[in-house]
Amino acid sequence: MQPKFLSVLQKPLAEILRPRTLDAYVGQEHLMGKGAVLRNAIENNNIQSMIFWGPPGVGKTTLALLIAELTQSDFHMLSAISSGVKDIREVIDKAKKSPHRSLLFIDEIHRFSKSQQDSLLGAVEQGVVTLIGATTENPSFEVISPLLSRCQVYVLKPLSRENLETILHTAVTYLEEHLQCKIKVEDTEALLRISGGDARKLINAIELVTWMTRPVDGVITITHEQVVHVIQQNLAMYDKKGEQHYDIISAFIKSMRGSDPNAAVYWMARMLVAGEDPLFIARRMVILASEDIGNANPNALLLANNCFQAVNVIGMPEARIPLSQTAIYLACSPKSNAAIIAIDNAYAAVKQTGDLPVPLHIRNAPTNLMKELGYHKGYQYAHDFENNFVNQEFMPEGLQGVKIYEPQNNPRENELRKYLRNCWKEKYKY
């Protein structure tokens with residue numbers, strides 16, 4: 001028979017396994033290792049307002065809870081998805097009445113509007129609350145400057161394979177003790193891959209697979225095939241929201257890339273109805289405008305960037321309109337991925353050839369010594385020549401004639417190809 005989880009585990013396993021000591025915390029050695037900056041601050045009870053920036057499931061919430069427990073602080077937790085100014089004010093009022101330090105943890109703080117972030121400023125500056133914000137987005141863009149200047153930003157890194165295996169071992173040990181049943185994990189690869197580096201997903205997965213696997217002779221054997229089968233059959237129990245997040249944004253991007261405005265707007269609506277951050281959608285369209293359209297239609301990037309600005313200014317629900325307009329425009333635009341191919345080619349050339357010296361004639365020469373060494377000597381100013389072009393070498397020695405950018409077959413890039421061929425003749429084989 002299957003283990004009776006509901007009678008054994010009163011809380012989710014990921015919640016049960018949250019560390020209670022600094023040594024039990026897994027990952028983020030650059031912040032939490034012996035002698036590291038954040039560990040020292042916790043041990044010395046010298047906690048300032050801070051923002052944790054990192055991908056999902058790397059320990060942001062766990063770290064905030066650990067700090068509150070070890071510093072004996074009152075802990076208040078808000079989610080930027082469901083909380084507003086009223087909730088913030090209630091926490092501040094409680095903090096003013098408490099004799100203890102009050103930690104206010106705000107998950108997904110990047111989703112707070114400017115006015116919501118403004119409401120935190122006074123309390124943070126006066127020390128009424130110590131703010132700990134968590135975000136998966138770059139706080140330089142998503143957190144207002146006055147609030148950001150009052151916080152120390154800590155970057156949390158993705159968990160290493162070793163970190164994930166440590167967490168998996170801890171989870172298995174706990175389950176064995178509480179189920180009084182040996183658990184044999186024959187292959188960890190599927191579990192680690194499904195987790196995507198997210199500790200919470202990893203713990204949820206091992207919990208679910210253990211629950212769904214019958215013991216044989218007192219042993220629960222977890223194989224690669226069993227993990228794949230159970231997760232696929234129980235996706236909703238596992239982490240449906242997380243899976244949908246990545247699957248639907250993928251469908252949205254692929255629909256625009258595939259020139260289907262109908263599907264693009266549909267998948268966008270699915271995300272917006274589910275509460276996805278509209279700025280996340282707008283940001284992905286800015287990327288697509290360069291990655292998949294590029295110089296086939298340079299206006300695409302201009303429109304996508306303006307859409308991002310508009311969404312940032314007006315917010316939902318009106319932001320759905322410029323989002324829809326931009327998605328339709330991008331889907332209907334001619335496509336070219338020449339820009340990303342070009343930069344990837346350039347990266348490959350740099351990796352292969354290393355730091356090649358800049359040719360002397362195109363170096364800057366701000367001092368007499370540099371001029372004496374030949375810097376800038378022989379450089380020809382393009383605007384002094386007919387059609388503002390002169391045939392001279394710009395590549396370092398060893399890369400002369402190497403073509404990095406290949407225009408694709410669309411009206412605009414065909415014009416670029418014609419111009420480059422006229423300039424460089426046979427040099428780059430345009």
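First, a term. On a 1 Å grid over the protein atoms alone, a pocket is an open set of points where a 1.4 Å probe fits, with protein on both sides within 12 Å along at least five of seven lines; lining residues have an atom within 4 Å of a point.

This is a predicted model: local features need pLDDT of at least 70, side-chain atom pairs count only at pLDDT 80 or more, and totals for linings use all residues. Residues are numbered from 1 along each chain, and side-chain values use heavy atoms, without hydrogens or water.

So, which residues lie nearest the centre of the second largest pocket? They are R111, F112, S113, L279 and N312, out of 26 lining residues. Helix 17 gives the most to this lining, six residues. (Helices are DSSP runs, H or I, of at least four residues, numbered from the N terminus.)

Now the helix pair. The axes of helix 16 and helix 18, residues 320-332, come within 11 Å and cross at roughly 20°. Axes are lines fitted to C-alpha atoms over the stretch in contact, and angles run from 0 to 180 degrees between N-to-C directions. Helix 16 and helix 18 are therefore roughly parallel, the word for angles under 35 degrees.

Who makes the contact, meaning heavy atoms within 4.5 Å? Helix 16 brings P278, I281, A282, M285, L288, A289 and I293. Helix 18 brings L323, T326, A327 and L330.

Notes: Helix = DSSP H or I, 4+ residues; strand = E, 2+ residues; numbered from the N terminus. Parallel < 35°, antiparallel > 145°, perpendicular 65-115°, else oblique. Contact = heavy atoms within 4.5 Å.
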